[in-house]
Amino acid sequence: MVHSDAAEEASVRLARYLFGWWDRNTEFGDELFEIRPVQRFTQAVDEVRRAGSLGPEWFHPPVEHSSTEGVDLPCERFALPVTHCLTVTGHAYDADQGDFLVLVLGFCLGLKLTPQGTGHLMATPWKERTLSPFYADKRDILVVLRHALNFWLSQPPEVRSLAFSAIHWHLTAHSYRQQHDRFAWQYTVMDNIYRLACLTDPAFGSLNNRNPHGRRPGVLGQKYGSPMPTAFGAGDATVLSGLRNELIHEARWCGGPIGYSVSTTGHDLVHALQYYNAQLILGFLDVRCRFRQMSDPMQLQALDIY
């Protein structure tokens, strides 16, 4: 005789996705999603905590001996152990969909979570909220995951790919240590979201698809209800677009050759871009929250979904 729980599970499609690394021993969910630690959670956490590459907030690429160079170098790719399982009720297993949901979960937590078998090329944070300028509680996370699933199911492959790339690179760009690198990649994320907006909203695309770079930040803010950061400059984001053109077209940063100068302006723009991109991502996922309507303060903000 089949146990009633097993019979119920057999009659309902369940998609399970293993991911890591997250050191919080917690489980939560609703009728659609469930997130819980794996059986080897304690061992997986201890394994990383004992590693020599674990810093106060980031896990850095482990060092290994290079036979070609003859010296110890950071490895080119590393993977962290699985710590949790995300279960989606009523859905057949779809690896791409699962990868996207795990990515969005990490976005909510301020971490770069990866599915089982996927690694990191650079340092990745282990401390929550390192990569996101907002705080999301368990209820918020479940709401955002629902929006992410609805977005994924309603969009064609090209838009799905753009959305995945935008969130993935928004999180990954934080791993770069140089000011100009973080700026360049976050700007690329904003360009990605502009393209996504044109594809998902034909009226927006028809009106704005020929906009020069300087006008794009403003029209994105108008579309998604987020104020363009004051650090971008007035009008056509004059400061932002000027620094972008200098970097891309002239190989200069903050008035000097790349790598020779940094500035407060550069720091402020990197911060503002990261903040704005987080708002725009929540915008194209259609997550209605007060965080999307805020200017870019330095302190962590609640997502405040309504």
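## Largest pocket

Helix 5 supplies five residues to the lining of the largest pocket, the largest share. Helices and strands here are DSSP runs numbered from the N terminus (helices H or I, at least four residues; strands E, at least two). The model is predicted, so local features need pLDDT of at least 70 and side-chain atom pairs count only at pLDDT 80 or more, while totals for chains, interfaces and linings use all residues. Residues are numbered from 1 along each chain as its sequence is written, and side-chain values use heavy atoms, without hydrogens and water.

The largest pocket has a volume of about 310 Å³ and a lining of 21 residues, with Lys112, Gly119, His120, His168 and Thr172 nearest its centre. A pocket is an open set of points, on a 1 Å grid over the protein atoms alone, where a 1.4 Å probe fits and protein lies on both sides within 12 Å along at least five of seven lines; lining residues have an atom within 4 Å of a point. At least two lining residues each come from helix 3 (95-109), strand 8 (114-115), strand 9 (124-125) and helix 5 (157-172). By class, the lining holds 11 nonpolar, eight polar and two charged residues.

## Second largest pocket

The second largest pocket contains about 250 Å³ of space. It is lined by 16 residues, and Pro133, His174, His271, Gln274 and Met298 are the closest to its centre. Helix 10 (residues 264-284) gives the largest share of this second lining, five residues. The lining of the second largest pocket divides into seven nonpolar, eight polar and one charged.

## Proline 257

Proline 257 sits in strand 12 (residues 256-257). With a relative accessibility of 47%, proline 257 counts as partly exposed, that is, between buried (under 20% relative accessible area) and exposed (over 50%), using a 1.4 Å probe and protein chains only.

Apart from neighbours within four places in sequence, proline 257 contacts Ala251 and Arg252, where contact means heavy atoms within 4.5 Å. Leucine 247 is 10 residues from proline 257 in sequence, and their C-alpha atoms are 9.0 Å apart.

## Overall fold

The protein has 10 helices and 13 strands. Its C-alpha trace spans about 75 × 55 × 35 Å along the principal axes. Of its 306 residues, 49% count as buried. Among contacts with a separation of 6 or more, 67% join residues 24 or more positions apart.

Methods: Points joined across faces, edges and corners; volume = space filled by probe spheres on them. Nonpolar A, V, L, I, M, F, W, Y, C, P; charged D, E, K, R; others polar.
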